[in-house]
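This briefing reviews selected features of one protein model.

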Amino acid sequence: MTDATAPPIVFDVDTQTFEADVLQASLTTPVLVDFWAPWCGPCKTLGPMLEKLAAEYNGAFRLGKVDVDQQQELAGMFGIRSVPTVVLVKDGQVLDGFAGALPEGQLREFLSRHVQPLEAADDGLDEAAPETPEQALARLQQAIAAEPDKAELKLDLALALLRVGQTAAAEAELAALPVNLATDARAVRLRSELDLARALKDAPALAELQQRVEADGNDWEARDQLGVRLLLEGHAEAGLEQFLLILQKARDWNDGQAKKRLLAAFATLDDADVVGRYRRKMASLLF
């Protein structure tokens, strides 16, 4: 049964409601903001797909709709240059976004990086199995074969290649992106992830790195690689602590690599609280 007191999953946004319905609301539930216009053809394709996914995710995120013709001030605040443009707001901050009407598969991939569907009451319908990284890569390769000039697919391909461990191929796709996509939020994040992934080329396994650090606390190379491995294997705070210790004890080691690692890590992490805390810790050591 639907909770009649719950806020609507899909809603319109204006300058008066933006603070409460988007920024404040995103502290508890991520808000996807769809900047669209009535005259925009791709918006008519993307909008219904976003609404469908919002319903399917059952409140895991809410969808705010901004008519840029009516809300030019809001569009200006976000620097919107074309429609459709979609941004994800979480914990009061813009976390990610994209421009253009993505196919449904890519929309699901985008959402899966930040939110997971909430379970709904049993309605007799079975959810489709989530797409694996390998399936996403195959789908994108087929899409590019059909539309080789669609540049935005190349960025999605680079992300998919990294997800399956094909780092060199991901780097090649990233380097070939046109200028307008090279500064996309996803491209910036991918570049940081690749910087971290390069550190693990020929690196020992986690257990061996831990043994080396226990045997010699000043083995900065082992500690650096341990931090990267912990970070990429999902132990973010443990990894960040390794970089902080290097920054504290050997700030200039390897041309100040600990600071570079921390900044790259901040660009890849979704947890704003963790990023904020460790930014402050880094600043306290530097200044």
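Is Asn254 buried, partly exposed or exposed? The model is a predicted one. Asn254 has a relative accessible area of 43%; because this value lies between the 20% limit for buried and the 50% limit for exposed, Asn254 is classed as partly exposed.

**Backbone geometry in loops**

- Asn254 lies in the loop that links helix H12 (236-249) to helix H13 (257-268).
- The phi angle of Asn254 is positive, at about 50°, although the residue is not a glycine.
- Asp91 also belongs to a loop, the one between E4 and E5.
- Phi of Asp91 is near 55°, again a positive value in a residue other than glycine.
- With a relative accessible area of 30%, Asp91 is partly exposed.
- A cis peptide bond, with omega near 0°, joins Val83 to Pro84.
- Pro84 is located in the loop between helix H3 (72-77) and E4.

**The sheet**

- An open sheet is formed by 5 strands, arranged in the order E1-E3-E2-E4-E5, and its pairing is mixed.
- From one strand to the next, the twist averages 25°.
- Strand E3 (residues 62-67) and E1 are paired in the parallel sense, over 3 bridges.
- Phe11 has Gly64, in E3, as its bridge partner.
- In general, the strands of a sheet pair through backbone hydrogen bonds, in either a parallel or an antiparallel manner.

**The largest pocket**

- The volume of the largest pocket is about 580 Å³.
- Its lining comprises 20 residues, and those nearest the centre of the pocket are Gly79, Thr85, Phe98, Ala99 and Asp184.
- At least two lining residues come from each of strand E4 (85-90), strand E5 (93-99), helix H6 (151-163) and helix H8 (179-182).
- E5 makes the largest contribution to this lining, with 5 residues.
- Sorted by class, the lining of the largest pocket contains 10 nonpolar, 6 polar and 4 charged residues.

Note on methods: Residues numbered from 1 in each chain as written. Predicted model: local features only at pLDDT ≥ 70, side-chain atom pairs only at ≥ 80, totals over all residues. Heavy atoms only, no water. 1 Å grid on protein atoms, 1.4 Å probe; cavity = no way out; pocket = protein on both sides within 12 Å on 5 of 7 lines; lining within 4 Å. Points joined across faces, edges and corners; volume = space filled by probe spheres on them. Helix = DSSP H or I, 4+ residues; strand = E, 2+ residues; numbered from the N terminus. Nonpolar A, V, L, I, M, F, W, Y, C, P; charged D, E, K, R; others polar. Pairing = 2+ DSSP bridges. Axes fitted to C-alpha atoms, helices over the stretch in contact; angles between N-to-C directions. Buried < 20%, exposed > 50% of the residue type's maximum accessible area, 1.4 Å probe, protein only.
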